[in-house]
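User: I am new to reading protein models, and I would like to learn how to go from the overall fold down to a single residue. Could you take me through it step by step?

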Amino acid sequence: MLSSEKLQSLELQVGRAAFDHWSEWFAVHKMRSTDDHYVPLLSTDRWEKPRLEWLKCNVDAAFFVDSGRTTMSACFRNSSSEFTAGITKWQRMVLSTEEGETWTLLQAMNEAKHRGFERVQIRK
């Protein structure tokens, strides 16, 4: 079991890494995009297609306290609603909701970067 001091340090490390990766990802995509002023924000519960030439990535995290695991999944779809890519991962550690969601976003951003996806909306 981690001490509260070590856990807090881990939380800060995960949060900082996610923020750093997001900042880097955003800066690169802002420089590459000719229409970087528009990033669609969605507020409905129904899945909506991204703009043409964009991908949409839906992410989620799940927490299994009894087995001591946190899992994540991400699904990338294009503007025709076609499946483009997907990932699932797990780790043998139960994270807090904030840590798990942050870890999930980080994994999705890393996957988008690895695959060379340039225009991606990420949605929880």
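Analyst: Let us begin with a cut-off that we shall need later: a residue counts as buried under 20% relative accessible area, as exposed over 50%, and as partly exposed in between. Please keep in mind that this is a predicted model. Of the 124 residues of the protein, 29% count as buried.

User: Which elements make up the protein, and in what order do they run from the N terminus on?

Analyst: The secondary structure comes to 2 helices and 4 strands, and, read from the N terminus, their order is α-β-β-β-α-β.

User: How should I read the way strand E2 is joined to E1 and E3?

Analyst: One looks at the bridges and at the direction of the strands. E1 and E2 run antiparallel and are joined by 9 bridges, while E2 and E3, also antiparallel, are joined by 8 bridges. The hairpin of E1 and E2 has 4 residues between the strands, and there glycine 68 takes a positive phi near 65°; the hairpin of E2 and E3 has 5 residues between them, with serine 81 in the turn showing a positive phi of about 70°.

User: Which residues of E2 lie on its covered face, and which on its uncovered one?

Analyst: The covered face holds Thr70, Met72, Ala74 and Phe76, whereas the uncovered face holds Arg69, Thr71, Ser73, Cys75 and Arg77. In soluble globular proteins, nonpolar side chains tend to be buried together. Here the largest nonpolar core has 14 residues, and Ala74 and Phe76 are among those with the most contacts inside it. Strand E1, E2, E3 and helix H2 each give two or more residues to this core.

User: Why does arginine 77 count as partly exposed?

Analyst: Arginine 77 counts as partly exposed because its relative accessibility is 31%, which lies between the 20% and 50% cut-offs. Its bridge partner is lysine 56, and a polar atom of the arginine 77 side chain lies 2.9 Å from the backbone oxygen of serine 81.

User: Where does asparagine 78 lie, and what does its side chain make a polar contact with?

Analyst: Asparagine 78 lies in the loop between strand E2 (69-77) and strand E3 (83-91), and its side chain makes a polar contact of 2.8 Å with the side chain of glutamate 82. Leaving aside neighbours within four places in sequence, asparagine 78 is in contact with Trp47, Pro50, Trp54, Leu55 and Thr84.

Notes:
Residues numbered from 1 in each chain as written. Predicted model: local features only at pLDDT ≥ 70, side-chain atom pairs only at ≥ 80, totals over all residues. Heavy atoms only, no water. Polar contact = N/O pair within 3.5 Å; in protein donor to acceptor, adjacent residues only side chain to side chain. Contact = heavy atoms within 4.5 Å. Core = buried A, V, L, I, M, F, W, Y, C linked by side-chain atoms within 4.5 Å. Buried < 20%, exposed > 50% of the residue type's maximum accessible area, 1.4 Å probe, protein only. Pairing = 2+ DSSP bridges.
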